[in-house]
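Please read the following walk through a protein model alongside the sequence and coordinates.

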Amino acid sequence: MMYKKLLGLIITALLPVFAVAQSQQNVSISVSATVSGTIEMITINTVDFDDIEQEGSVIRVDPIFGERSGKMVARGTPNAEFRVDYIRERELVNLDGEGIIFFNYEVAGNRIDDQETAELLDQDIRDLQFNEEGEFYFWIGGTIDMSDVNPGSYQGEFTIEIEYI
């Protein structure tokens, strides 16, 4: 008698599995992506070259220890991992006439708002992570060779791309 009850429980327990197995023949599966959040970039300071000391013809703003470095904060999903990419060399255009300057960017990053403990982010692709508040800080510096530059006001842009992984 105990054997029949146990067999009955086993058969009853297997019925939903058979029903699911049979119904899976007619199931179609669609794939979609959901964006879990956006990333906001906020510029806090731009790179400042006014009255900066030159080493020969080269001007350098250190992204880790330079007071004149640019600063940005990225805001995204707390603790989410992401990757960063940027173009290392960009042209700055003379707004007052002819001439361009090539600016070689250097970027440092940190999960906390502490420039001196930031890590230099070279062009190697690697994983970074937002902090618990969903923030990651960037400091932007670099070098300019002023040896063959026309007088004027130069302007350019810096683009940093961030993608969730």
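**From fold to side chains**

Along the sequence, the elements of the protein come in the order α-β-β-β-β-β-β-β-β-β-β-β. That makes one helix and 11 strands. The model is a predicted one. Of its 165 residues, 28% count as buried. Among contacts with a separation of 6 or more, 76% are between residues 24 or more positions apart.

Strand S5 (residues 89–94) runs antiparallel to S6, and five bridges join the two. Within this pairing, Val93 is opposite Ile100 of S6. The hairpin of S5 and S6 has five residues between the strands, and Gly99 there takes a positive phi near 125°.

S6 also pairs with S9, again in the antiparallel sense, through eight bridges. Here Gly109 has Phe138 of S9 as its bridge partner. A further antiparallel pairing, over two bridges, connects S6 with strand S7 (residues 119–120). In that pairing Gly109 stands opposite Glu119 of S7.

The interior comes next. In soluble globular proteins, nonpolar side chains tend to be buried together. The largest nonpolar core in this model has 21 residues, and Phe82, Val84, Val107, Phe138 and Ile160 are those with the most contacts inside it. At least two residues of this core come from each of strand S3 (70–75), S4, S6, S9 and strand S11 (160–164). Another core, of six residues, lies apart from it and includes Ile64, Val73, Ala118 and Trp139.

How are the aromatic rings arranged? A pair of aromatic rings is described by the distance of the centres and the angle of the planes. With a limit of 6.5 Å between ring centres, the count comes to six aromatic pairs. One of them joins Phe82 and Phe130, with 4.4 Å between the centres and 35° between the planes, and is tilted. Phe82 belongs to strand S4 (residues 81–86), while Phe130 sits in the loop between strand S8 (128–129) and strand S9 (135–145), so this pair ties together parts that are 48 residues apart in sequence. Phe82 is buried, at 0% relative accessibility, and Phe130 is buried with a value of 0% as well.

A second pair is formed by Phe136 and Phe138; the ring centres are 5.1 Å apart and the planes are at 55°, so this pair is tilted. Phe136 has a relative accessible area of 3% and is buried. Phe138 is buried too, at 0% relative accessibility. Ring pairs link Phe82, Phe130, Phe136, Phe138 and Tyr164 into a cluster. Of these, Phe82 and Phe138 were already named among the residues with the most contacts inside the largest nonpolar core.

What of the charged groups? Side chains of opposite charge can pair when their charged atoms come close. The structure holds eight salt bridges. In one of them, between Lys71 and Asp113, the N to O distance is 2.7 Å. Asp113, at 45%, is partly exposed.

Arg83 and Asp127 meet in another salt bridge, at 3.1 Å from N to O. Arg83 is in strand S4 and Asp127 in the loop between S7 and S8, so the parts tied together are 44 residues apart in sequence. Both ends are partly exposed, Arg83 at 32% relative accessibility and Asp127 at 42%.

Asp62 and Arg60 form a further salt bridge, with the closest N and O atoms 3.3 Å apart. Asp62 is partly exposed at 21%, and Arg60 is partly exposed at 38%. These two residues and Glu106 are linked in a network of salt bridges.

Key:
Residues are numbered from 1 along each chain as its sequence is written. This is a predicted model: local features need pLDDT of at least 70, side-chain atom pairs count only at pLDDT 80 or more; totals for chains, interfaces and linings use all residues. Side-chain values use heavy atoms; hydrogens and water are left out. Rings of Phe, Tyr and Trp (its six-membered ring) pair if their centres lie within 6.5 Å; planes under 30 degrees apart count as stacked, over 60 as edge-to-face and the rest as tilted. Helices (H or I, at least four residues) and strands (E, at least two) are DSSP runs, numbered from the N terminus. Buried means under 20% relative accessible area, exposed over 50%, partly exposed in between (1.4 Å probe, protein chains only). Two strands pair if DSSP finds at least two bridges between them. A nonpolar core is a set of buried Ala, Val, Leu, Ile, Met, Phe, Trp, Tyr and Cys residues joined through side-chain atoms within 4.5 Å. Contact means heavy atoms within 4.5 Å. A salt bridge is a side-chain nitrogen of Lys or Arg within 4 Å of a carboxyl oxygen of Asp or Glu.
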